[in-house]
Amino acid sequence: MISAAGLTAGLAGCGGRQATQNGTPTDHNSVDDSAPTVELDDETLALMQELAYVTNQALPVLPLQEKLAQSFQTTDDWSVPSKDNSKMQTYWPTDWLPREGEWTASGDVERLTLAQWAVPSDSQYNPWNTKNFAEPRRTLFDRFMKYNLDSQEYTGYLISDWALDGQTFTLTVREGQTWHDGSPATATDVANQIKLDIYNGGNLGEFVAPEDKGTVADRVTASDERTVELSLAGPVNEDILLAYLQPKYLAAHEGTYGEFVTRLDEAGSDEERSAVIGELASKTVSDPVGCGPFAFENADSQRTLVSKFEDHPDAGNINFPEIEYLYKPSNQSRWNGLINNETDGSATLFMPRNKLNQLPDSVQTTLIPRHWGLGLLFNHEREPVNDVRVRKAIAHVINRESVAKNSGAGTRSKIAVTYPSGLTSEFSNQVEGTWLKGVTDKFETYGRAESQTEKAAALLEDAGYEKQNGTWKKDGEPLHIPIKGPSGFSDWVAGAQTAVSQLKDFGIKAESVMKDSSTYWGKDYSNGDFVVGLQGWASYNQSYPYFHYKFLYDSHSAKNYWNSPSEFESPVLHDDLRDGETVAPADLVAQLSTGDN
Amino acid sequence: MSYILKRLGRSALTVFVVVSASFGLVRLLPGGPLDYLRAQMIQQGGGDLSAAEINRRIAAQTNIAVDEPVYVQYVDYMTSIVQGDFGRSIWYEEPVASVIGPAIPWTVFLTASALFLTFTVGVSLGAFMAYKEGSTFDVTSTGVGLVLNSTPSYVVALLLIAFLGYQFQLFPTGGRYASELTPGLNVPFLASVLYHGMLPILSMAVVGFGGWALSMRGNSIRVLGEDYLRVARLRGLPTRRIAIRYVARNAILPMYTGLMIAIGTVFGGAVIIENIFAYPGVGFYLIQAINARDYPLMMGGFILITVAMVVGITIADLTYGWLDPRASGGESREAY
């Protein structure tokens, strides 16, 4: 038995992306924040290593760097843990520290000032409407559970306790939890929240009602005031359930959403359900009834004001009466807000070196691992990258250290990946120390901080290319690698340009093709119209390796956008898990998901 | 009368052509509202949602008939705007009028104040420069006026927000008024509105007055050389009366059309400024709409700006003859 507790340092969470695209939040709809505590047995670890090895050898994607999110807190009027304190390692500090009594007013201040992306008066708080679900949600609603990076444990919050017994998962709602209108928050509300998430296509549906959403009403039930029961369709690893449940906010107030739940439960067909979901998705809730420690007061063109809710179970931990969220629609305005002491903190915000230098001493910058980062995504149906030798050659040529350095713009917020394998936690050296312990010598590093041009040349020659007049060519045609990406993600663009220049120096005709962010994601990426594309190489929402491999091998994106084949050729790491070089990684991923391992 | 009808008809035709061209052009923008929504969903961790799921959600969230051919959408759109229906914003899920309507007074406040400032300061300065023609004051002012007139307002806006807003923190860097105040006709609220509008207004005013001043100076100098002015002086009329009744009136007259055109830019004149100062006015929502490829909202903004401009020019045209009887006489009355 290998305990990986204390190892995963897992977290994900929202918002790490840098630029606001077109003035809209990228940091919204946080349905994430999670990472399970894992007790790994040998077989599970072996499975993960095998998947890591296949990824390392077949390179469906080339992981370049991992990201550390920058999080800011001012300390002159506020008392917060120091940046090295493990309490800061909770996603996000602005969510949890005030609730825990760890972010308190030390001076004579009335109000905590934070920032939000959307115009406050245009913001809304229906989580199933994907638009303008603004930052005050963090204090208006409570999350189901908390994931503590220090103890590597899930602890109860709104869901105070849980138990997996066979195929029944039982959740207990925290006592004394109250909606802002005074009514108690009950198991029915929690069940409604889970049901609405599943009806909206949430991941739990895969385990609760994989075939027919008509069964959701029977499978998610409130057995009494404080107990919710989930009947699972098959055996499931508890870590995966927790990873999906933990980040949820309870927003399903009966008075606001009850009608939708009833209609969805009673719907006779998928079409009927679609119609209700459509209505739900266009419902705008501008004056929400929440259940968090702060209640909605008002919003105008400039700020949202929320005030302390005295009936919240944690109200006693909070010694300031109000939080205001100022409208700050760009990174620049947020930088200035912190530099000029206008705002008291920012959950996550990319700030380049020259701006960090302008911060007053009272602002502390905390780095929080993000378990996610920029990678080069290969379209497996497009030449020349459908040839693994070309992908490997690219990997050898790119110096990931310098990519990370340029992408990080003088901050320490990007770390080059040492073993491109789909495993995260480079920042704490756990890839080498834990996940791949004892097998690292089998893994190819492709040169973390160097351009291994000789190896790359050998691979290209093997693939039929020849260097003529400084350019790699095959049948007279130069080796052309266009890299597409979203122009709004300035750090990614810098990283891609570094890679392009390295490839060019080596004689590959590489170019960077940056598109308007919505065109890139909405058209090029989702139509598979790219040869090499920029994308995060790990699951954006979870940190447990299962989720990364599911994303890489068994997600809609992999199958439809990158045209990833169902089978790859890769040497074998653990003989007892595979026979032969042909492997279907999705099968290995499926083995990880059941509770049998 | 027939001239007026013709002139109005031509204005209507202008609006029609501009609206039609805008309708076509906005659809040439890469990507559409659906791509934008899809991009949002993919980035929000919806990468694991199936394409069908994403498309279904998008269909549920938008009210535009994406499958209709463009010409059908065009005919539908034109028919409804004639009936006063500008459609619903895709992003805000509200009628376009309810998104733009509340923003109009704020934009008008900014642009009208800026125009008032630039015009009064510019005209007074120009007149004074004309009287002091050739003096150091005249030469310096002409230089300064030229430089400012050729400076884009957003450059001034960025400088103002960087120094007066962030560096010295003398003015707010965004918003329409302090959130604590109750909107209404009370002094603190109005003062706060003025305080918040100060930098945006200044940004436009600083670069605007130079042009008016130079025109006024040129016109005044021309008028000062006229024979009738010499006659007026010989008649012994008071200088003040000459300055105001003889010089100012005649010097301002040629600027009337320019003023009406400037009034026509009242909705479209602050698009970039509003975005720099995060000031939710018409231009602010127009940029949001462009980014989100929110066709109905974009069109609403364009139509508002176009109509205001055409109305401004038409009024200038129709009233110029009345202001300056010399210009009367049918077609030749056109002032531009």
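**Entry 1: a sheet in chain A**

I began with four strands of chain A, which form an open sheet in the order β10-β11-β13-β12, with antiparallel pairing. Strands here are DSSP E runs of at least two residues, helices are H or I runs of at least four, and both are numbered from the N terminus; two strands pair if DSSP finds at least two bridges between them. I noted β10 (159-165) and β12 (220-224) of chain A at the edges; each has a single partner strand, so one side of each is left without a neighbour in the sheet. The twist averages 25° from one strand to the next.

My model is predicted: local features need pLDDT of at least 70, side-chain atom pairs count only at 80 or more, and totals for chains, interfaces and linings use all residues. Residues are numbered from 1 along each chain as written, chains are lettered from A and ligands numbered from 1 in written order, and side-chain values use heavy atoms, without hydrogens and water.

**Entry 2: a strand pair**

I looked up β12(A) and β13(A) (residues 227-231): four bridges join these antiparallel strands. A:D224 has A:T227 as its bridge partner.

**Entry 3: helices on the sheet**

Helix α4(A) (residues 187-199) lies across β10, β11 (168-173), β12 and β13 of chain A, at about 175° to β12(A). Angles run from 0 to 180 degrees between N-to-C directions of axes fitted to C-alpha atoms, for helices over the stretch in contact. Helix α7(A) (residues 238-245) touches β10, β11 and β13 of chain A; contact means heavy atoms within 4.5 Å.

**Entry 4: a residue in chain B**

Where is B:L170? I found B:L170 in the loop between α8 and α9 (187-224) of chain B.
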